[in-house]
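Trainee: I have a chain open on my screen and want to go through it with you. Can we start with the rings?

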Amino acid sequence: MKRLIILGAPGSGKGSQCKWITKDYNVPHISTGDIFRKNISEGTELGKKAKEYMDQGKLVPDELVIDLLTSRLEENDCKENGFLLDGFPRTLEQAEALEKYLNLNGIKIDKVINLHVPDEEIMARAINRRTCENPDCKEIYNLRDNPPKQEGICDKCGSKLFKRDDDNEETVSNRLAVYHAQTEPLIEYYKEKGLLSTVIGQQELSDTIALVKAELEG
Ligand code: AMP
């Protein structure tokens, strides 16, 4: 069992890494962004509140995120198999709340992968990103580097592809600014705890996978 965190700016390719990590190591993939998007599509109160912030590229307030995440960690799959946190923690307050939860439960994080990609590359990737709408597939395409064979259709499952509402230029630059101001300090936080492994995101997904794998197995 592994308990992992993946850090990286929005659009650095964390989602693509999470897909293979969750499969190979049989750990539940917990993405707070996915949980919010699910709530938005189901029209829940939480979804309505979160959407206001997400559409502007702002962080959803800590009090809405922390309980949501810790109650997810209480579920059996996490207790039995560990977890891979993607998009959480995003602030020092969230990291400290997580630490408190871990201490109370007598568990520890095994590794924090920091996926580093320059801002200009993130912008180019984000505006070209398309995602499969099928929740069991969620395959990610890029119109520049990895387009689907048929426009707008997933190669794997035939479902429609969509562009996330928050993948536009203005929102992406807001999200990057928010990342640098609020989330980047977590790199130092986890470095001091001796848990951090930084991986430079490569052009080819398979190359980045190999680098991350080496860190997870090292
Ligand atoms: P993501 O899919 O991780 O890029 O998240 C999309 C959006 O959801 C972010 O831009 C935030 O508005 C919100 N969000 C996701 N996770 C968090 C978090 N841990 N704290 C605050 N806001 C979050």
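Mentor: A term comes first: rings of Phe, Tyr and Trp pair if their centres lie within 6.5 Å. Keep in mind that this is a predicted model.

Trainee: How many aromatic pairs does the structure hold?

Mentor: There are two aromatic pairs in the structure. Trp20 and Tyr25 form an aromatic pair that is tilted, with 6.2 Å centre to centre and 50 degrees between the planes. Tyr189 and Tyr190 form an edge-to-face pair, at 4.9 Å centre to centre and 90 degrees between the planes.

Trainee: Are Trp20 and Tyr25 buried or exposed? And what about Tyr189 and Tyr190, buried or exposed?

Mentor: Trp20 and Tyr25 are both buried. Tyr189 and Tyr190 are both buried as well.

Trainee: What is Tyr190 in contact with, leaving aside its neighbours within four places in sequence?

Mentor: With those neighbours left aside, Tyr190 is in contact with Ile5, Leu7, Pro89, Ala95, Leu98, Val112, Leu195 and Leu196.

Trainee: Which helices pack there, and at what angle?

Mentor: Helix α6, residues 92–105, and helix α9, residues 185–192, pack at an angle of about 30 degrees. Their axes are 9 Å apart. From α6 come Leu92, Ala95, Glu96, Leu98 and Glu99, and they meet Pro185, Leu186, Tyr189 and Tyr190 in α9. The residues of this contact divide into seven nonpolar, no polar and two charged.

Trainee: Now the core. How many residues are in the largest nonpolar core?

Mentor: That core has 38 residues. Leu73, Leu85, Leu98 and Tyr190 have the most contacts inside it. Helix α4, residues 62–73, gives the most to this core, with five residues.

Trainee: Why does this core lie between domain 1 and domain 2?

Mentor: Domain 1 (2–117 + 182–217) and domain 2 (119–167) both give residues to the core, so it lies between them. Apart from it lies another core, of 13 residues, among them Cys18, Tyr25, Ile113 and Val212.

Trainee: Back to the domains. What separates their centres, and how many residues are in contact?

Mentor: The centres of domain 1 and domain 2, taken over C-alpha atoms, are separated by 21 Å. In the contact, 16 residues of domain 1 touch 14 residues of domain 2.

Trainee: Pick something in a strand. Where is Thr131?

Mentor: Thr131 is in strand β5, residues 129–132. Buried means under 20% relative accessible area. Thr131 is at 12% relative accessibility, so this residue counts as buried. Leaving aside neighbours within four places in sequence, Thr131 is in contact with residues including Lys138, Ile140, Leu161 and Phe162.

Trainee: And Leu176, where is that found?

Mentor: Leu176 is found in helix α8, residues 169–183. Its relative accessible area is 6%, so Leu176 is buried. Leu176 and Pro10 are 166 residues apart in sequence, but 6.9 Å apart in space, C-alpha to C-alpha. With neighbours within four places left aside, Leu176 is in contact with Ala9, Pro10, Asp119 and Ile122.

Key: Residues are numbered from 1 along each chain as its sequence is written. This is a predicted model: local features need pLDDT of at least 70, side-chain atom pairs count only at pLDDT 80 or more; totals for chains, interfaces and linings use all residues. Side-chain values use heavy atoms; hydrogens and water are left out. Axes are lines fitted to C-alpha atoms, for helices over the stretch in contact, and angles run from 0 to 180 degrees between N-to-C directions. Helices (H or I, at least four residues) and strands (E, at least two) are DSSP runs, numbered from the N terminus. Contact means heavy atoms within 4.5 Å. Ala, Val, Leu, Ile, Met, Phe, Trp, Tyr, Cys and Pro count as nonpolar, Asp, Glu, Lys and Arg as charged, and the others, Gly among them, as polar. A nonpolar core is a set of buried Ala, Val, Leu, Ile, Met, Phe, Trp, Tyr and Cys residues joined through side-chain atoms within 4.5 Å. Buried means under 20% relative accessible area, exposed over 50%, partly exposed in between (1.4 Å probe, protein chains only). Domain bounds come from an automatic or database domain assignment. Rings of Phe, Tyr and Trp (its six-membered ring) pair if their centres lie within 6.5 Å; planes under 30 degrees apart count as stacked, over 60 as edge-to-face and the rest as tilted.
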